[in-house]
Amino acid sequence: MIAYILRRLFQSIVVMLVVGLVSFSLFRYVGDPVATMMGQEASVADRAELRERLGLDDPFFVQFANYLGRAASGNFGISYRLQQPVMELILSRLPATLELAFVSGILAFVVGVSFGVYTALNRSGMLSSSIMTLSLIGVSLPTFLIGILLIWLFAVELRWLPSFGRGETVRLGYWTTGFLTPSGRASLILPAITLGLYQMTLIMRLVRAEMLEVLRSDYIKFARARGLSNRAIHFGHALKNTMVPVVTIAGLQLGSIIAFAIITETVFQWPGVGALFINSVQFVDIPVMAAYLMLIALIFVVINLVVDLLYYAIDPRLRIEQSGARH
Amino acid sequence: MTDAARNGEPAPPLVEVKGLRRVFDLSKPLLNRLLEGGGRVSLTAVDGVDFSIRRGETFALVGESGSGKSTIAKMAVGLLRPSAGSVTIDGIDVAGKASADTQRRMRRRIQMIFQDPYASLNPRWRVHAIVEEPIKAFGMLPDAKERAARVGELLSLVGLDPRDGQKFPHEFSGGQRQRIAIARALASEPNFIVCDEPTSALDVSVQAQVLNLLRELQDRLGLTYLFISHNLAVVRHVATRVGVLYLGRLVEEAPARELFSDPKHPYTRMLLDAVPDIEMEGKERLTIAGEIPNPVNPPSGCHFNPRCPFVMPHCKTVVPPVLDRGNARVRCHLFAEG
Amino acid sequence: MTEPVLSVRNLIVEFPTRRGVLRAIDDLSFDIAPGEVLGVVGESGAGKSLTGAAIIGLLEPPGRVAGGEIRLAGERIDNLSPERMRTIRGKRIGMIFQDPLTSLNPLYRIGDQLTETILTHEPISARAARDKALRLLEEVGIPAAETRLSAYPHQFSGGMRQRVVIALALAVDPQLVIADEPTTALDVSVQAQIIALLKRICADRGASVMLITHDMGVIAETADRVCVLYAGRLAEIGPVRDVVKRPQHPYASGLMAAIPSLAGDPDEKLAQIPGSMPRLGAIPRGCAFNPRCGYAFDRCRTERPDAYPAGASQAACFLHDAASALPPEVAGRAAEAGIQVARVPAEARP
Amino acid sequence: ETLRWARVGDALTLDPHSANEGPTSTLLHHIYETLVERGLDGSLQPRLATEWSIHADDPTVWVFKLREGVKFHDGADFTAEDVVASVTRVTSETSDFKGLHAAVAGAEAIDDYTVHIKTNGPSPLYVQNLTNFFIMDKGWIEANGVENPQDFKAGEEKYTVRNTNGTGPYVLESRDPEVRTVLKLNENHWAEKPAVTEIIYTPIKEAATRVAALLSGEVDFVQDVPVQDIARLQETQSVAVTTGPENRTIFFSYDMTSDSLISLAGDNPFKKPEVREAMALALDRDAIKTVVMRGQSVPGAQNVPPFANGYDAELDAYGAPDYDKAKALLAEAGYPDGFSVDFHCPNDRYLNDEAICQAFVGMLGRIGVKANLVSQSRTVHFPAIQNLQVDFYLLGWGVPPFDSQYVFDFLVHSREDARGGWNGSRYSNPEVDAKIKSLATETDLEKRDATIAEIWKQVQDDRVFLMVHNQVLAYATKANIEIAVHPENQPSMTNVTFK
Amino acid sequence: MNRFARIWDSDVAWSFRHSPVAMAAAFMALLIVLAAALAPLIAPYDPFNPATLNLMDGFTPPMEPNMISGNVYWLGTDNQGRDIFSTILYGARISIFVGFSAVVFAMVLGIGLGLTAGWRGGWVDSALMRIADIQLSFPSILIALLIFGIARGLIPPSMREDLAIWVLIVSIGLADWVQFARVVRGATLVEKNKEYIQAARVIGVRPVRMVLGHILPNVMGPVLVIATISLALAIIAEATLSFLGVGVPPTQPSLGTLIRIGQGFLFSGEWWILLFPSITLLALALSVNLLGDWLRDALNPKLR
Ligand SMILES: Nc1ncnc2c1ncn2[C@@H]1O[C@H](COP(=O)(O)OP(=O)(O)OP(=O)(O)O)[C@@H](O)[C@H]1O
Ligand SMILES: Nc1ncnc2c1ncn2[C@@H]1O[C@H](COP(=O)(O)OP(=O)(O)OP(=O)(O)O)[C@@H](O)[C@H]1O
Ligand SMILES: [Mg+2]
Ligand SMILES: [Mg+2]
């Protein structure tokens, strides 16, 4: 186990380094930060001087090495755009994204699993077919359009829910949460649905497919032959076995949720790291972009690790194999 | 079986297996071993096996699951490299470094028939392509027409209709598939065929067809077989000589008749006893206690000692040597001199 | 005669498919007496497993019982509601499947699977269920049963797993146990142990056994009576000695002859039945076996035989129908092969 | 009353001298104050300075009389020393405004309420550069060690990025960058009390969401209203829309000097006056106004806003497109089949910038000129213009000092020191250059205006620019709110009134 | 039986003929694809030729005459005076082309690497799978954005318009290969231990032929299923990238670009600019998804 974690950690570091290198080498193509940092009155000489001061003229590897050196000591620099320490900016935006991702993840997971189980158990029912088809509509339209349509319907026409932002937030130490206020909770609904829709469909179909597979397995047949109740078979035996692969994929999807939040956050003016990133791209705010990409890589890596550990927790086969003997 | 073999005239051995050994490394990655302790773990699947097969003979290997039968078969056809020892065909080492040309000619003469007729034929290929593949691979008949004719011939030889070549494997029953597999094996005109449990997936009525076919082909083409099975009754019907494997070691090797009439090693005896008695003579049976041990850490001394009814103290510590007893060879302390 | 534990009458199992309805079991009847072991043999695809599944009510859809009836101790069970049927499964009919590796849920401990089964059918406390589970494990010969209760299936060897499966099937003392190829996946040396265990434990409890297998050797050692299936139909049924030693149906006799045995001359060619069993969609008219049968005559190609008495057995073959007008040459050959032809025409008598 | 205010972007920083950027200055005008400010009509209005003039004896010195009794938010008195400190700070190395104060040699407090700012030569227009020059408290600067604006190299955040101490009408209550900034009324402010007592400022990036927020009543005032929504919003009962001209011209320009173009090797059609004229004849300004801008633009031919000094209605007049004549001119210039050239356009900077370019591509297509549209972010577009990497492009230009010299300096003058930095046309006319230089120091305004007119004449004759239109600003509010459009798009909430 | 009859009679064809949903979806998909493919023949206008556009025709509502020119357009016009109907046809052409090519690209790459990893095993496998991990730890949208960034930097502006589509294809495809690679690798690991492969080894068949001739045909089933699902996703991804402003050039709008343009008019009353392209995209993606769904079930023998 320890060896496993160590190896994963090592791999993770490599992954992060590669991500850093790749993203860093791409920034030069996004545009010239100096162009956006200075007013139009700035002279050519002024711009050159600022570029020099930012170290943008240094060779690529020097820039990268400098960046790594600073990043290693926790200093991700100052945002070119908002002039605040990047670390602080990202940390202040992270709760919004994490809460949104959490709620959409839970939504996707709960709804996805229940629908998946239902459609697997009632394979040919009218309702199942409708659920299956309707769920596809959700993934057949781009997220941004779904978001805008939701805003139009629920915020403008019906006026039930807010159209943008996070509502009132409460500060708990470093964390700001929208869970504790009515407006905060109301604000979560639309973005969470928009963001979770795709994953929900995915999980639902996955659960359905896995469940059908499991229901055909010998041990389910044997459980039936022993006269166990349908409840025990479906929710005790079948569901648990279904969850092993589902948890892995759903876990990895959580990472995508965070990444895909870029679009949802933009549409709903959700003050999370995704919106921060998009704004930074438009401003060529290199320190923020670099930190964001590393953060996303880190989140993925961590999720990967957690999912693997979860896998060990669920599946006794893996757990015991670790400790050796078979007989 | 050729007449020569049946008459017991000494023919020179075609296949010789000497000190064959194969070890699989099951160790965890280095880092795990460093952190969690535990050294290298290895599994000796085949351990010092010697035997030879004469031209036109059938040598059968029997043994329970995991005893190393398939591993020997794979080494015999060059699918696996031995960790030690060698398999030679007509004096050429299968895994050796003979010239490419020699190697190629030698390989052509070895073929294999597998256990599962459903998995041994590529489901996406038509039967004629399957049978044709060895001919193409060894560049035997450059002309497509000739090849097609040869495929038809081979299909007829195994009792199928040449027109069946247009079909896909899934359109055939298990027995017919095994015939296709045999036709493929014969395509490169081999004289040594390794049959790894060729009938264990088949029903008895079909099994009889396949076994009869194999024998018929042997008579007609003078083939030499290494025949692997866990079914002693089947082995009795095909083998000239039989080797009994237990956890990678050949515990007894004898002419077929002798082995069945006068089994020596306790394991062989118990195996024979375990065969259900279809004749219903109600004979006394000696059921084997326990199950085959984990091959990763087999019992010390004689591997069979924990299940042996005649176990002696030194069975647990001393590996029994191979003892010649007439035409038979046994690995058991019971047969030690004195 | 006591009432049979199981009585199957004219059972028909069908699969509606795109190419029409396939009849996988066609007009099958047999009984199992209390305490009896009935062997069911036949080639792969003959319908052995389907028969078992039909009896226990676990046909996979779209398969369905399309006719006939199944009675358990006199009570009709083929038309019960799923809920009622569930209370019979496990409680009155136990089932053992072929592959012990996949029969056990890999994510649950052995003990939990046992107690779950016991508690489903018996109103006892969890504590008591656990004790019972422990006793069961001991009974099927699992050493250190106490500690093994909390083990997972993958920690057992194949033979041990099959022992657990037997314990599960017999957990609440069913009247009938259906064992579908319980030893096929096991090694020769273990097979004998498991068969012995199964036989002993069922005898102890007075349970009847329907032993499905294609291994005649196992049948010969274990069964009281044997039922030979061919293409979903009954070929022959009778006491084990008779069927094995003096098979009366040409298929059964061909089958017996094809089995390599440890006796006899090893150099002799094995007897073989030409051809192979027909696929479900293409079962020939008349007797399903007629194209492969060495004794087939006109009637066999048009009419389907009933089961006729043949010695101590019953065989679905016109050779045994006294009403048949047998071609003398056929009758002669049959008689020579040891088949007790019902009425040998005068010309053929010696 | 509380006013919830939304626009596309947030102020980048609260440091008054660190980002010369519209939204930043707009917000800071509520917290800090300038010496002079731009009125709604574009004229200079007194703010912290009550009077200003060029020193009677020394044309290189500007004299400012300061307002008395003004206090900073922390209670400190506003004095001439604060102005001096602010001048020092705004001209420092890391100031983003130093370009506007490049002429400054130094500032001197004559007494508590008089300041002299000395320039390196006569700078008659210097005061026009002060509309975004915020005054900070000297004591506060020193106490917090913020003598210089943000220095990125240092890797440390300046205190001023998040903390303020101005003299303005509102006090910073809380700020979460890009989320929400709350300002409260400054009870001690010197001017009349405005109707708005609390400002909640939220940026909303997506246009549709912004409009949705207004329609659903979640904000009261939206800047940056998409032009296509204006008509609809005007029809909506609960919403009012105010429009007004903006100080920004949108025009095309092209490399009219080089012998060879980047995207057309070996040739430069733009060098030929006929080609430039043909392109002008192909531009249908009215169609762009009607369709692309939905009526929300002021088409013209002279690229300087009407309220800026040097505007000439005559030069600004334009005719209908004439495709036949344009084609004939092209043929005359040797391009009977037209030519193909890259056309660079920003897609995230001006109102419907990309759509304007697209429309022009179609118009050029009609005369056989194939313009390959390269539309990209301003972060790439602007550096490309500055680095002379584009042949033909769209650009917008605001004129904060409201004087043509600003246009000439950056867009017309040959590239030289601080001048000509945006001159992507590579136009270089020594005579014109000399005239432009003279404007900077010319104190005789009449003479100066004449020179400006001369330059414009020349520039228009040479067709250095192909002007499209002046942008129009639209503010959408709840129906009960009134706010006037500010030409610099720097609305002040002190001007808001409730009905 | 001739080839056609055999195909007609196959299980997959049968299940197709008996699934109304699959047939409806196929009909819909075919309709859109055909209409798109034949756009130059069907479309009344050529919206991609700016010279033919009349700006003054902009914002004409569906079936109503334009106030100035009097032209009538079935589905109205957009902000550049493009006929929406024609633009949808041409746009669908681009979307389908981009989606299809991206999937083919991802498929070829994924299958190639998956086969290599599965067949070679060992460090090659580990290395490729680590790369896949890295790829996965980079959200696909970001990858596409970054590739777009690189391409923008590397391609001279004059070629950008022509190459934009290819860049898009590569960006979407590159973000998508991992799932193909993983599935193919898994299937290869299973197949390579099957006895027919060993039989081929005994014969001495060369590795390349072994992989391409024996293994590849046997792993195509799951690949096809993923490909259909990916196709729908790729079409949506193209739309999303266009939304982020890095898609195809605005002068040659795809469905996604059209939707992006149209969503700006959601509140301004020109609903048709958004509605019709959205419906087309929905119909296209939905029908492809439904087809993929059906194919998954049809190819899974256990579900039959
Ligand atoms: N590639 C391998 N890696 C590790 N262990 C292996 C490998 N191949 C075989 N073994 C082990 O070697 C031993 C012998 O295997 P082999 O397949 O030869 O047995 P067998 O006698 O053919 O059994 P069966 O009757 O089940 O086919 C077994 O314990 C098996 O687990
Ligand atoms: N779901 C199904 N659809 C169609 N036919 C089926 C289905 N299940 C079983 N069959 C057919 O029913 C027949 C009997 O099958 P069954 O499983 O009972 O055979 P078996 O005698 O148990 O064979 P084996 O020895 O291989 O287990 C076979 O021909 C099989 O193909
Ligand atoms: Mg084997
Ligand atoms: Mg079966």
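**Entry 1: the disulfide**

I began with the cysteines and found a disulfide joining D:Cys345 to D:Cys357, S to S 2.1 Å. For this I counted a pair of cysteine sulfur atoms within 2.5 Å as a disulfide. D:Cys345 sits in strand 14 (residues 340–346) of chain D and D:Cys357 in helix 10 (residues 353–366) of chain D, so the pair ties together parts that are twelve residues apart in sequence. Helices (H or I, at least four residues) and strands (E, at least two) are DSSP runs here, numbered from the N terminus. I looked up the torsion about the S-S bond of D:Cys345 and D:Cys357 too: it is about 80 degrees, so this disulfide is right-handed. Searching the whole structure gave me one disulfide over all chains.

**Entry 2: how to read these notes**

Please keep in mind that this is a predicted model, where local features need pLDDT of at least 70, side-chain atom pairs count only at pLDDT 80 or more, and totals for chains, interfaces and linings use all residues. Residues are numbered from 1 along each chain as its sequence is written, chains are lettered from A and ligands numbered from 1 in the order in which they are written, and side-chain values use heavy atoms, with hydrogens and water left out.

**Entry 3: buried cysteines**

Buried means under 20% relative accessible area, exposed over 50%, and partly exposed in between (1.4 Å probe, protein chains only). I also checked B:Cys195, which is buried at 0% relative accessibility. C:Cys317 counts as buried at 8%.

**Entry 4: around ligand 1**

Next I turned to ligand 1, which has 14 residues around it; B:Ser65, B:Gly66, B:Lys69, B:Ser70 and B:Thr71 come nearest. A residue joins this shell if one of its heavy atoms lies within 4 Å of the ligand. I sorted the shell into five nonpolar, six polar and three charged residues. Helix 3 of chain B gives the most to the shell, with three residues.

Which side chains come up in the polar contacts (N or O pairs within 3.5 Å)? An oxygen atom of ligand 1 is 2.5 Å from an N or O atom in the side chain of B:Ser70, and an oxygen atom of the ligand is 2.5 Å from one in the side chain of B:Thr71.

Key
Polar contact = N/O pair within 3.5 Å; in protein donor to acceptor, adjacent residues only side chain to side chain. Nonpolar A, V, L, I, M, F, W, Y, C, P; charged D, E, K, R; others polar.
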